[in-house]
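Biologist: I want to learn how to read packing in a model like this one. Take me through it feature by feature.

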Amino acid sequence: MGERRTGLQSLNVILKLNGGRFISYAIFGALVGLLGGVIPVTVRIPVTYTGYILFALYLLLSVVRVRKTCTGCHTGKVLKVTRNPFLLGILTGFSICPAFLIAITAAFETSGPVSGMMLFIGFFMGTTAYMLPFALFGLLTAKDWITKAARMIAVIVAIYFGAMGIRGIVTWVTQPSLRSQYGRNAVETSEISDADRNSIFSIEDSDTLYIVCFIDDEDDMGNSLGEDMSMEGLPPVKVVEVTVDSWREEIATIPRLSAVIVPHWVDERSGTVTAQWQKSLSAYLEDMHTRTFAVEYQPYCAERARVIQSFLGRYSFRCHPDSGFVFLMMNPLGCSTAECSSCDIPH
């Protein structure tokens with residue numbers, strides 16, 4: 001938009017831009033499919049911020065080149081590089097966005113570079129459908145104020161992404177703990193072997209799924225959850241009934257590294273104000289390295305049990321084979337127990 005172009009010229013730019021994106025996506029998909037889970041998730045952080053900085057530099061150089069060209073000045077070889085939208089497409093192809101991360105996750109599970117490449121080519125085709133109509137904007141560049149405004153906006157965008165990139169890189173360098181923080185029980189990556197780093201835990205790997213139920217808490221629906229869960233796709237479910245006074249003795253019967261469902265207040269991220277005994281229980285589960293799922297029950301219904309079961313059956317979790325984790329599962333319904341009488345969901 002910063003240069004005057006006809007509709008065909010704008011279409012040519014868009015096609016070249018997407019040609020660069022195609023190359024980036026194909027290469028990236030092949031690499032991810034080839035290396036799979038060997039690539040640590042946190043690699044995306046420096047790659048993303050470096051991409052922001054390169055993208056910002058490209059935009060600034062492009063604005064300088066256009067301004068010099070418009071005033072009849074000579075442009076050097078470095079500035080002439082920015083005339084190539086194919087290069088811009090390559091840079092944007094490595095800018096990792098949320099949708100890109102979803103594609104990466106899927107590519108990790110493909111069987112080799114060809115499958116990973118094909119997945120990312122499909123991702124490219126889907127996103128390209130939204131970019132082609134931008135070629136029509138080239139018809140607006142006949143007005144000088146449009147091209148001037150576009151160059152000003154390009155500078156603002158470049159400053160924003162440049163600042164984001166520099167801040168991200170500086171944080172990454174000055175805070176080493178971010179590089180190995182995978183969760184509450186993170187360990188330094190240097191202490192983990194390649195086989196251990198890529199260990200995957202899923203519920204079906206467990207002999208038993210334990211549900212800790214506080215029978216003296218009327219909001220605890222652990223017993224109901226155990227009854228409403230079918231065994232399809234899950235190991236046998238065992239409800240461990242405890243009280244405030246006897247929880248330690250009963251929970252001690254749960255083996256180390258077991259899959260356990262507990263009330264949501266076990267996870268401090270739930271925002272619940274807890275008593276000292278509740279904090280002690282959380283610490284005990286952490287010491288036992290249990291694979292803990294902290295569930296918010298209320299408002300409870302049979303559908304809630306099916307949602308929890310579906311989630312546990314579909315998803316796996318990356319963790320050290322000798323460590324546990326806490327996964328918080330808040331109720332997404334956004335309503336209160338008082339509204340249950342008017343709820344359409346089967347109870």
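Biologist: Which residues do ring pairs link into a cluster?

Modeller: First the rule: rings of Phe, Tyr and Trp (its six-membered ring) pair if their centres lie within 6.5 Å; planes under 30 degrees apart count as stacked, over 60 as edge-to-face and the rest as tilted. Here ring pairs join Phe-201, Phe-293, Phe-311, Tyr-315, Phe-317, Phe-325 and Phe-327 into a cluster. Keep in mind that this is a predicted model: local features need pLDDT of at least 70, side-chain atom pairs count only at pLDDT 80 or more, and totals for chains, interfaces and linings use all residues. Residues are numbered from 1 along each chain as its sequence is written, and side-chain values use heavy atoms, with hydrogens and water left out.

Biologist: What is the geometry of the pair Phe-311 and Phe-317?

Modeller: That pair is tilted, at 6.3 Å centre to centre and 55 degrees between the planes.

Biologist: Is Phe-317 buried or exposed?

Modeller: Buried means under 20% relative accessible area, exposed over 50%, partly exposed in between (1.4 Å probe, protein chains only). Phe-317 has 10% relative accessibility, so it counts as buried. Phe-311 is at 22% and therefore partly exposed.

Biologist: Which residues touch the most other members of the largest nonpolar core?

Modeller: A nonpolar core is a set of buried Ala, Val, Leu, Ile, Met, Phe, Trp, Tyr and Cys residues joined through side-chain atoms within 4.5 Å. The largest has 21 residues, and Leu-225, Ile-261, Phe-293 and Leu-312 touch the most other members. Helices (H or I, at least four residues) and strands (E, at least two) are DSSP runs, numbered from the N terminus. β2 (209–214), β4 (259–263), β5 (291–295), α12 (302–314) and β7 (325–329) each supply at least two core residues. α12 gives the most, with three.

Biologist: In what order do the five strands form the open sheet?

Modeller: Two strands pair if DSSP finds at least two bridges between them. The order is β3-β2-β4-β5-β7, with parallel pairing. β3 (237–242) and β7 are at the edges with a single partner strand each, so one side of each lacks a neighbour in the sheet.

Biologist: How many bridges pair β2 and β3?

Modeller: Six, in the parallel sense. Cys-213 has Glu-241 in β3 as its bridge partner.
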